[in-house]
Amino acid sequence: MTTENVDPLARARAPGDPPWDVYLTGTVFLDIIFTGLDSAPVCGTESWARGMGSSPGGVANMATALARLGLRTSLAAAFGDDHYGEYCWETLERGEGIDLSRSATLPGWHSPVTVSLAYDGERTMISHGHEAPVSAADPKPPPARSCVASLTPGQPQEWIGAAARAGSLVLADTGWDDTGRWDLAALPDLEHCAAFLPNATEAMRYTRADSPRAAAHALTRTVPLAVVTMGADGAYAVDGGTGETADVPAIVVEALDTTGAGDVFVAGFLTGTLAGWPLADRLALAGLTAALSVQEFGGSLSAPGWGEIAAWWQRVRRLTPESGPLGQALERYAFLRDVLPEDPRPWPRRRAVPTLGFRTAT
């Protein structure tokens with residue numbers, strides 16, 4: 001076995017399983033990322049970035065992260081009838097092996113675009129796009145082990161309940177509540193979800209709790225499993241059914257671009273969940289994959305595969321003494337021994353590029 005064909009669900013697969021491990025739907029953006037900025041742009045001046053990358057973004061961040069972890073991924077999305085849309089489609093389908101049979105290219109509709117400016121470990125984004133004239137979300141989603149949903153206050157999605165009733169495990173995250181009400185009742189689809197993964201600010205606003213951990217416990221009154229991401233403080237999870245908790249610290253890295261890190265976290269957590277891992281191991285894989293992703297350009301093409309995970313594991317084992325606090329911390333990731341091959345070969349992944357459509361030399 002090599003890192004390019006690691007199947008984290010090998011022990012869980014059986015005849016008659018659904019064709020897809022995970023289904024998701026949403027908007028695909030073309031992301032243009034500027035990095036290496038010394039500060040935020042100043043009005044009336046020109047800023048030069050030392051780095052730039054382009055890659056599919058939006059829901060493509062999550063889809064790519066899932067596929068790179070070995071999950072059979074199906075994506076329903078609208079694609080623009082332009083070069084950006086063509087690039088995103090080819091990158092996802094041919095480059096990442098994502099099923100796009102439920103996606104469509106819409107004539108005359110241009111791709112949504114996001115420009116992201118990365119500086120001081122943070123980012124500022126400017127986006128432009130128009131709502132697709134046809135919804136990509138089928139009210140009857142395909143058979144899949146799981147689904148990932150992004151919840152928006154006041155905007156229920158028919159397909160989420162249909163997927164749950166068909167037997168899919170539904171995980172959900174959410175974004176900023178522009179209404180300012182932060183009312184869990186405005187997220188009615190949570191009743192169909194097995195897990196909810198907000199960040200600390202979102203969780204505390206929704207529950208009125210005074211800490212992320214208290215917020216996680218409060219959320220289990222609404223959803224069976226609550227996972228709260230806390231940035232540099234790691235992540236905390238509570239299983240409302242068993243009372244089990246897990247608290248895993250973050251891996252400290254120098255961030256180049258944090259775009260899509262939350263999506264990569266969810267992908268790692270879902271992978272461990274479908275594989276049947278303990279709660280703490282799921283959190284650890286999620287945090288590790290997110291940490292590896294922020295060291296590369298772009299939200300989707302920065303997502304690590306098992307090759308990058310194997311390289312990290314070998315490097316830290318070689319450099320970290322077994323005795324002492326660092327060695328004890330490393331034991332948190334000992335579960336990787338059962339997943340990674342003994343002698344992994346590198347498997348190069350596509351990364352974000354500064355521009356699109358280089359002409360092939362003749």
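Aspartate 7 has a relative accessibility of 26% and therefore counts as partly exposed, a class that lies between buried (under 20% relative accessible area) and exposed (over 50%), calculated with a 1.4 Å probe on protein chains only. The side chain of aspartate 7 meets that of arginine 13 in a salt bridge, with an N to O distance of 2.8 Å. A salt bridge is taken as a side-chain nitrogen of Lys or Arg within 4 Å of a carboxyl oxygen of Asp or Glu. The coordinates are those of a predicted model, in which local features need pLDDT of at least 70 and side-chain atom pairs count only at pLDDT 80 or more, whereas totals for chains, interfaces and linings use all residues. Residues are numbered from 1 along each chain as its sequence is written, and side-chain values use heavy atoms, with hydrogens and water left out.

The structure holds 10 salt bridges. Asp7 and Arg13 belong to a network of salt bridges that also links Asp17, Asp21 and Arg145. Helices (H or I, at least four residues) and strands (E, at least two) are DSSP runs, numbered from the N terminus. Aspartate 21 counts as buried because its relative accessibility is 0%; arginine 145, at 16%, likewise counts as buried.

A further salt bridge joins glutamate 90 to arginine 94, with the closest N and O atoms 3.6 Å apart. Both residues lie in helix H2 (residues 83-95), 4 residues apart, or about one turn of the helix. An α-helix has 3.6 residues a turn, so residues three or four places apart point the same way. Glutamate 90 is partly exposed, at 36% relative accessibility, while arginine 94 is exposed, with a relative accessible area of 68%.

Serine 103 lies in the loop between H2 and strand S4 (104-106). With a relative accessibility of 11%, serine 103 counts as buried. The side chain of serine 103 reaches the backbone oxygen of leucine 75 at 2.8 Å. Apart from neighbours within four places in sequence, serine 103 is in contact (heavy atoms within 4.5 Å) with Leu75, Ala76, Ala77, Phe79 and Trp89.

Leucine 75 is also a member of the largest nonpolar core, which has 65 residues; Leu75, Trp306 and Leu336 touch the most other members. Helix H7 (residues 279-293) gives the most to this core, with 8 residues. A second, separate core of 30 residues includes Ala76, Ala144, Ala172 and Leu184. Such a core is a set of buried Ala, Val, Leu, Ile, Met, Phe, Trp, Tyr and Cys residues joined through side-chain atoms within 4.5 Å. When neighbours within four places in sequence are left aside, the contacts of leucine 75 include Leu24, Thr25, Val28, Val59, Ala63 and Leu92. Ile98, Asp99, Leu100, Arg102 and Ser103 are also among them.

Trp306 lies in helix H8 (residues 306-319), which has 14 residues. From its first C-alpha to its last, H8 reaches 20 Å, close to the 20 Å expected at 1.5 Å a residue; the expected span is 1.5 Å times one less than the number of residues. The buried residues of H8 include Trp306, Gly307, Glu308, Ile309, Ala310, Trp312, Trp313 and Val316. Arginine 317, found in H8, is partly exposed at 45% relative accessibility. The C-alpha atoms of arginine 317 and valine 170 are 35 Å apart, with 147 residues of sequence separation. Arginine 318, which lies in H8, counts as exposed at 60% relative accessibility. Its C-alpha atom is separated by 38 Å from that of methionine 125, 193 residues apart along the chain.

Strand S10 (residues 225-229) is mostly covered, with 4 of its 5 residues buried. S10 runs parallel to strand S9 (residues 195-196), to which 2 bridges join it; two strands pair if DSSP finds at least two bridges between them. Alanine 195 stands opposite leucine 225 in S10. With strand S11 (residues 235-239), S10 pairs in the antiparallel sense over 5 bridges, and the bridge partner of valine 227 in S11 is alanine 237. The hairpin of S10 and S11 has 5 residues between the strands, and glycine 231 takes a positive phi near 60° in this hairpin.

Technical notes
A polar contact is a pair of N or O atoms within 3.5 Å; within protein, one must be able to donate a hydrogen and the other to accept it, and residues adjacent in sequence count only if both atoms are side-chain atoms.
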